[in-house]
Amino acid sequence: MAETKSAFHIRTEEAPLLPAPVSTAGAIGWVRTNLFSSIGNTILTLIGILIAYSLIKPLIEFALITAVWTGENRNACLVPEGSGEVVGACWAYVKAYFPQFIYGRYPAAQTWRVDIVFVLFAALLIPLAIPSVPYKRINAVLFIVGLPIAAYYLLTGLSIGGNVILPVVSTSLWGGLLVTLVIAVTGIAASLPIGILLALGRRSNMPVIKLFSVMFIEFWRGVPLITVLFMSSVMLPLFLPEGITFDRLLRVLIGVTLFSAAYMAEVVRGGLQAIPKGQYEGAKALGLGYWQMMRLIILPQALKLVIPGIVNTFIGLFKDTTLVLIVGMFDLLGQIQSSFTDPTWATPVTSRTGYLFAAVIFFAFCFGMSRYSIYMERRLNTGHKR
């Protein structure tokens, strides 16, 4: 009797994985899912494309296509009457004024000192921001303690035993991006620890500390930053004893730091309130003291939860540095505005070019902080979807 073959085939190996359909994977799948998933989304996407095109096209034309890149004076960025030509951004003007935009009126022969500070800042900040780089404790000490000391003597001057090592440069000559970064970095670095202490004080069971923290926070949050800068720069010297004065930049730094610390305190307090009561009880059950509990258990969790709020405050502080112009300090934006009065480069497009340059610089710094905060949220697994 002949053997009959079975109609069934039993697979002994796992079937090979097939790629997902093109319409549901990759860039095409993302576009289809997020932009054209329905009739309503399709209409909104097309409207958004039209709006973006109407805004981006003239910007690209102004900034790149019809821009003037070289020239010695305003004549390079002027259009002869009746020629019908269109002149875009005058980047030749930005090139001519670039040193002032970065250093202000800092002596040209001494700008290498500012460059060294910028290099030290980047060299210490980048490895500190990368989690995989070792020796974090040494790096943090150098960044928090060593860099401010080195920057102070490099920027202001140094004398040893009557011998001038570095000539003194008054802060009244500082300006441009230098002032913007000094105010922003100092405010960010100082406002966070002060804000944490104020947040803890506002939740304290000690009436005096709680009352002081509440009064401090509500006072500084109740006045505009312009008023704070004006008071710290103009009115504060009137209340000091005769013969005692503070540098104007130092007064601005103090005002900005205290103002930002009040907002930072409320951000941190929100994180503290989000921590379950059981975390406090568990820490106390382990025999931890108040500061041990806060340092080891509560604050790490609270600060992780409020990373977006903290970075938002930092970004707001960075942009608010432009208000120091009200007290006569020329930061990046102030230095750009002051250049508009120079008849050598006075053209119809000079102001627009200067503001565009400032916008690019501020956007680069703020966008960088924002993206790094998103990276840290994902790495710490805070549960926020992106």
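**Entry 1: a threonine to begin with**

Is threonine 111 buried or exposed? I kept in mind that this is a predicted model. Threonine 111 has a relative accessible area of 15%, and buried means under 20%, so I wrote it down as buried. I then looked up its place, which is in helix α4, residues 111-129. For its contacts I left aside the neighbours within four places in sequence, and I found Tyr103 and Tyr106.

**Entry 2: what the record says**

Next I turned to UniProt. An unreviewed entry there places the feature "domain: ABC transmembrane type-1" at residues 177-366. I checked that span in the model: 77% of it is helix and 0% is strand.

Residues 219-240 are 82% helix and 0% strand, and their end C-alpha atoms are 21 Å apart. Residues 355-376 are 100% helix and 0% strand, and there the end C-alpha atoms lie 32 Å apart.

**Entry 3: a nonpolar patch**

Which residues make the nonpolar surface patch of about 1,200 Å²? I noted Ile39, Ile43, Leu44, Ile47, Ile51, Leu55, Ile56, Ile60, Leu64, Ile65 and Trp69. I followed up on one of them: isoleucine 39 belongs to helix α2, residues 39-65. Its relative accessibility is 68%, so I put it down as exposed.

**Entry 4: the disulfide**

How many disulfides does a search of the whole structure find? The search gives 1. Cysteine 77 and cysteine 90 are the partners, with an S to S distance of 1.8 Å. Their link is right-handed, and I noted 65° about the S-S bond. Both cysteines lie in the loop between α2 and α3 (91-103), so the pair ties together parts that are 13 residues apart in sequence. Cysteine 77 is buried at 3% relative accessible area, and cysteine 90 counts as buried at 0%.

**Entry 5: an arginine in helix α9**

I found it in helix α9, residues 248-274. Leaving aside neighbours within four places in sequence, I saw arginine 248 in contact with Ser172, Ser233, Val327, Gly328 and Met329. I also checked how far it is from threonine 341, which is 93 residues away along the chain: their C-alpha atoms are separated by 25 Å.

**Entry 6: salt bridges**

The structure holds 6 salt bridges. As a reminder to myself, side chains of opposite charge can pair when their charged atoms come close.

I began with lysine 57 and glutamate 61, whose side chains meet at 2.7 Å, N to O. Why are lysine 57 and glutamate 61 separated by about one helical turn? Because they are 4 residues apart in helix α2. Lysine 57 is partly exposed at 35% relative accessible area, and glutamate 61 is partly exposed too, at 31%.

Then I went to arginine 202, which forms a salt bridge with glutamate 266; the closest N and O atoms are 3.0 Å apart. Arginine 202 sits in helix α6 (residues 176-202) and glutamate 266 in helix α9, so this pair ties together parts that are 64 residues apart in sequence. Arginine 202 counts as buried at 16% relative accessibility, and glutamate 266 is buried at 18% relative accessible area.

Glutamate 266 has another partner on my list, arginine 269, with closest N and O atoms 2.8 Å apart. These two are 3 residues apart in helix α9, which means they are separated by about one helical turn. Which residues do salt bridges that share partners join into one network? I wrote down Arg202, Glu218, Arg221, Glu266 and Arg269.

Note on methods: Residues numbered from 1 in each chain as written. Predicted model: local features only at pLDDT ≥ 70, side-chain atom pairs only at ≥ 80, totals over all residues. Heavy atoms only, no water. Buried < 20%, exposed > 50% of the residue type's maximum accessible area, 1.4 Å probe, protein only. Contact = heavy atoms within 4.5 Å. UniProt positions renumbered as here; feature names shortened; annotations may be inferred. Patch = residues over 30% accessible without salt bridge, like charges linked within 9 Å, V, L, I, M, F, W, Y side chains within 5 Å. Areas by Shrake-Rupley, 256 points an atom, 1.4 Å probe, with all protein chains shown as cover. Salt bridge = Lys/Arg side-chain N within 4 Å of Asp/Glu carboxyl O. Disulfide = S-S within 2.5 Å.
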